[in-house]
Every structure is written in C-alpha cells, then in structure tokens.
Amino acid sequence: MNKKIEKKLIEVKEHITKIEELNKLSALVYWDMKISMPKKSLEQRSNTLGYLSGEVFKLSTGLEVKGFIEYFMPIIKELSLIDKAMIRKLKKDYDETKKIPEQRYKEFTIATSLSEAAWEEARKKDDFKIFEPHLEKMVEFQREFADYYGYKENKYDALLDKYEEGMTIRKLDKIFEELKEGILNILEYIKKSDKKINKDFLEDKFKIKRQKKLSLFLLNKIKFDMEAGRLDETTHPFTLDIGNKDVRITTHYNKKDLLSNVFSVIHEGGHGLYEQHISDELIGTGLEHGASMGIHESQSRLYENIIGRSKEFLKVILPFIKEEFPSLKNVKLDKFYEAVNYVKPSLIRTEADELTYSLHVIIRYEIEKQLINGDIEVKDLPRIWREKYIEYLGVEPKTDSEGVLQDMHWSAGNFGYFPSYALGNIYGGQFLYKILEENKDAINNLVDGDLSYINNWLSDNIHKHGAIYTPEELVKKVTGEEISTKYFLRYLEEKYKSIYI
C-alpha cells in the first residue's frame with residue numbers, strides 16, 4: 001500500500017475516533033440519566049443529549065466524510081479486510097444519516113429522552129394514556145426516517161436494516177413462520193404430557209442484598225471482567241458499552257422472583273462479554289461494536305438459556321444459591337432444573353420460558369409492521385396487544401403494565417429491534433451446533449464450572465471480529481450456512497421432550 005493511501009487511512013481513523021468519543025460521552029450521559037440523575041434535571045439532560053447528537057450528526061455527514069468515501073470507494077478492493085469494512089460502514093452510516101435533516105435528528109434525540117421518562121411514569125402508574133402522545137411521536141419519527149432511508153418493498157424494511165443489515169420482511173416472515181410452527185408443535189406436545197413440575201419452592205421472599213451477591217457470583221462464573229465493567233440496578237435491564245474496557249450492565253431485582261434477576265444478569269453478561277472481547281485492533285475504526293443486534297442477542301440468549309438453564313451449569317451455581325437462600329437448601333438438582341425450565345405461556349416477555357419466548361417477539365414484530373405501515377394506530381395498541389396474546393399464548397393482560405407498557409424499546413424509537421431477540425435464539429442454536437460439532441463435551445464440561453472453552457470459542461469466532469462482517473457474512477463464516485431455524489428447533493425439541501417425558 002502506498003504512503004498516500006496509508007496517510008489517508010490515518011485521517012479516516014482520526015475522524016472516526018472523534019465520532020466515537022462523542023458517542024461515548026452520549027453513552028455516559030444516558031447511563032447517568034438511567035442510574036443516578038436527579039428527576040428534575042430531565043429536560044436539561046435531554047438538551048445535553050440533543051446537543052451531543054447534533055455534533056455527532058455534523059461529524060458523520062460533513063464534507064470530510066464525503067471526501068473520504070469518494071477517495072476510497074474506487075480503490076476499496078486494494079484495502080485490508082478491516083479497512084474495507086471500516087469504509088463500508090462509514091459509507092452506510094453517512095448515506096443513512098445524511099438523509100435525515102439535522103434539526104429533525106436533534107429533535108428526535110430530545111423527544112426520545114422525554115418519551116423514555118413518560119414510559120417509566122406510565123408503567124409505574126399503569127396508565128397507557130400518559131405514554132400514548134410520546135409513543136405517537138416516536139412512531140411518526142420512525143415512519144419519517146424510514147422514508148428518508150428508503151426501501152424497496154416495505155417501509156419497515158428500512159428500520160429492520162438498522163439493526164440487522166440485509167434483513168427484510170420477505171425473509172423474516174418465512175423464518176418466523178417456521179419458528180412459530182416449530183414452537184407451537186413442541187408446546188402442543190407439552191400440553192399433552194402428564195409430567196407435573198413443581199416450582200412452588202421458587203415462590204418465596206428473596207433478600208435483595210443476597211441477590212446482589214449472587215449476581216456478582218454469576219458474572220464471575222461466566223468470566224465477565226468487573227475491572228472492565230460494572231453492574232447497576234434499573235427499571236429495565238440493559239447493556240451499555242463505552243469501549244471494550246468499560247462495559248456497563250444493569251439488572252432489576254424482584255424480592256418475589258429469584259430467577260428473574262439470575263437470568264437477567266446472565267443475559268446482560270452475555271452482551272457484556274461480546275463487547276469486552278472485541279479486539280483492540282478495531283478501536284478507532286467504527287467497527288468496535290457487535291455485528292448486529294441479532295448477533296448480539298445470540299450471545300445474551302446463548303449464555304442465558306443454552307448455558308444458564310443447562311443442568312450442567314445449574315449444578316455449578318445451585319450450591320451457592322442454597323447457601324444464600326436457606327429456603328432452597330433441600331432442593332435437588334433435577335427438581336431445580338425442571339423448575340427453571342418449566343413451560344407455561346405467560347404475559348411478560350422478559351420472564352417468559354425459553355420455549356414460548358420467541359412468540360412474544362413475533363407478536364411485537366407483527367404489531368411493529370402494522371404500526372410503521374399505518375395499518376394500525378397507537379391508540380389501538382392496548383386492544384391489539386390483548387387480542388394477539390390471547391391468540392398466540394392463550395393469556396390475557398389485565399393491565400397496561402403487564403401488557404403494552406412492559407417494554408421500553410418503543411419509548412426510545414427502537415422499531416425494528418424486537419426481531420433481534422428471536423433471530424438471536426436462532427443464531428444461538430446454529431452456533432451451539434457448531435460448538436458441539438467441534439467439541440461434543442463442551443456443555444458436559446460445564447459441570448466443572450469452567451466456561452473457558454465456550455468463552456474462547458465465541459471470542460475467537462464471533463466477539464473479536466466486532467462489526468467487520470455483516471450478520472449474514474458472519475453466520476456463514478462461522479457455521480458454513482445461512483441462517484436456519486432447524487438447529488434451534490432441534491435443540492428445543494430434544495431438551496423439552498426429555499423434560500416432559
């Protein structure tokens with residue numbers, strides 16, 4: 001590579017670093033807003049985020065970026081793998097962001113902060129009407145942004161692509177139909193089973209102080225680096241990366257539900273591990289993040305369910321749980337395993353069993369498609385939500401908080417995000433199959449409490465690459481195939497038919 005190109009690449013990385021540093025500042029402001037900000041400072045903090053987003057917008061869409069793209073696109077084949085990916089992502093971000101008027105982008109950021117606060121208030125007061133006008137604004141913004149981004153077949157495709165590059169309704173409808181059919185078949189088998197699982201012993205009062213101690217134990221077991229991360233408490237758990245040496249995760253504690261926090265911590269820990277393992281080589285390239293939200297969710301769901309709910313891993317953590325919570329001291333491993341994997345259609349996505357979880361996601365996907373395309377309106381959501389839960393899961397929410405207000409994603413304008421959870425399940429099943437193909441004892445060996453093999457495999461094959469590859473490219477590189485539901489459905493069938501004999 002000649003010196004002129006090398007010099008230009010350094011300029012690109014210096015510019016991207018400026019953008020990344022502002023994004024990190026925005027992330028810190030957001031984290032503080034969710035964890036420790038005084039309530040009365042909401043409007044001021046929203047304006048701070050609006051200012052920072054405006055500066056990111058200018059840096060991402062300025063003449064300098066336009067010049068970089070015009071210089072490198074004709075010679076992109078001459079670049080290294082990482083540099084190619086860097087320029088490709090720079091161009092994608094430029095093309096998308098440039099289409100949105102700067103003032104609208106800033107207005108959206110401010111509106112988002114107010115919307116999230118309104119959602120929290122509405123959820124506490126169990127009143128959708130408080131949140132409704134803010135959600136209407138979020139939907140309007142996303143409809144508008146979808147038109148700016150552009151799409152070939154469906155407006156919603158433009159939003160899907162933000163979280164899962166290359167994914168479309170045409171592809172996703174087929175994938176989700178296969179997934180839904182497979183899950184419903186297994187669910188029907190379970191309904192006909194005579195197996196009775198007792199989980200009454202999990203209905204108790206579990207001290208928050210002890211749950212916090214358990215949380216740190218769990219993060220240590222999955223090898224989340226607390227010197228490069230931290231754990232806090234919030235209404236709705238999330239993970240925030242401020243670089244691979246500063247990954248912040250949160251959880252929510254429930255005195256009456258021990259498992260809610262256990263699997264929340266492992267889930268967010270899976271996200272956190274992904275970010276912590278991203279190669280230092282990618283710092284300053286814009287690639288130091290996950291390949292997509294679907295790939296990201298594959299890691300959190302794999303740790304939470306495939307590892308976290310396995311009998312092998314439960315055998316490791318049960319002694320500690322018994323020590324901290326004496327009411328469980330006589331619980332046998334087999335009974336604990338069955339209780340943890342108990343299947344019953346329920347109302348709350350984050351507390352759903354592993355089998356029916358994806359049905360919760362498919363419901364949201366179907367609602368989002370209709371909302372963004374104008375087939376339904378925000379005011380209709382509580383009714384539509386109830387109807388779909390009755391149809392898909394046979395349960396009916398009695399309140400807004402256990403219905404349409406249970407998730408924060410829409411308050412942040414994150415339409416197109418929900419499918420990532422179910423895609424993550426599917427990807428996770430594929431990755432599991434590949435892991436076991438290379439080491440059939442990878443899960444069995446968890447009884448020793450050592451996750452080194454699985455952690456290293458995921459780090460080497462997925463985490464360290466950050467966003468070098470598109471999700472489609474990464475899945476094919478790792479598994480040799482395109483996305484397929486068969487491996488996840490096979491895993492579910494084998495697991496639940498062995499439990500519900």
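Colleague: By class, how many nonpolar, polar and charged residues does the lining of the largest cavity have?

Modeller: First, this is a predicted model: local features need pLDDT of at least 70, side-chain atom pairs count only at pLDDT 80 or more, and totals for chains, interfaces and linings use all residues. Residues are numbered from 1 along each chain as its sequence is written, and side-chain values use heavy atoms, with hydrogens and water left out. Rolling a probe the size of a water molecule over the atoms shows where empty space is left. Here the lining of the largest cavity has five nonpolar residues, no polar ones and one charged. Ala, Val, Leu, Ile, Met, Phe, Trp, Tyr, Cys and Pro count as nonpolar, Asp, Glu, Lys and Arg as charged, and the others, Gly among them, as polar.

Colleague: Which residues line the largest cavity, and what volume does the largest cavity have?

Modeller: A cavity is a set of points on a 1 Å grid over the protein atoms alone where a 1.4 Å probe fits but cannot get out, and lining residues have an atom within 4 Å of a point. Phe 131, Trp 385, Val 404, Asp 407, Trp 410 and Phe 418 form the lining. The volume of the largest cavity is about 40 Å³, and the structure holds three cavities of 30 Å³ or more.

Colleague: At what angle do the axes of H6 and H7 cross?

Modeller: Two packed helices are described by the angle between their axes and the distance between the axes. The axes of H6 (residues 128-149) and H7 (residues 155-163) cross at roughly 85° and come within 8 Å. H6 and H7 are therefore roughly perpendicular (65 to 115 degrees). Their contact (heavy atoms within 4.5 Å) involves Gln 142, Arg 143, Ala 146, Asp 147 and Tyr 149 of H6 with Lys 155, Ala 158, Leu 159 and Lys 162 of H7. By class, that contact has four nonpolar, one polar and four charged residues.

Colleague: Which residues make the contact of H11 with H17?

Modeller: The axes of H11 (residues 293-307) and H17 (residues 452-461) come within 13 Å and cross at roughly 160°. H11 and H17 are therefore roughly antiparallel (over 145 degrees). On the H11 side, Gln 299, Leu 302, Tyr 303 and Ile 307 take part, and on the H17 side Ile 454, Asn 455 and Leu 458. The contact has five nonpolar, two polar and no charged residues.

Conventions: 1 Å grid on protein atoms, 1.4 Å probe; cavity = no way out; pocket = protein on both sides within 12 Å on 5 of 7 lines; lining within 4 Å. Points joined across faces, edges and corners; volume = space filled by probe spheres on them. Axes fitted to C-alpha atoms, helices over the stretch in contact; angles between N-to-C directions. Helix = DSSP H or I, 4+ residues; strand = E, 2+ residues; numbered from the N terminus. Parallel < 35°, antiparallel > 145°, perpendicular 65-115°, else oblique.
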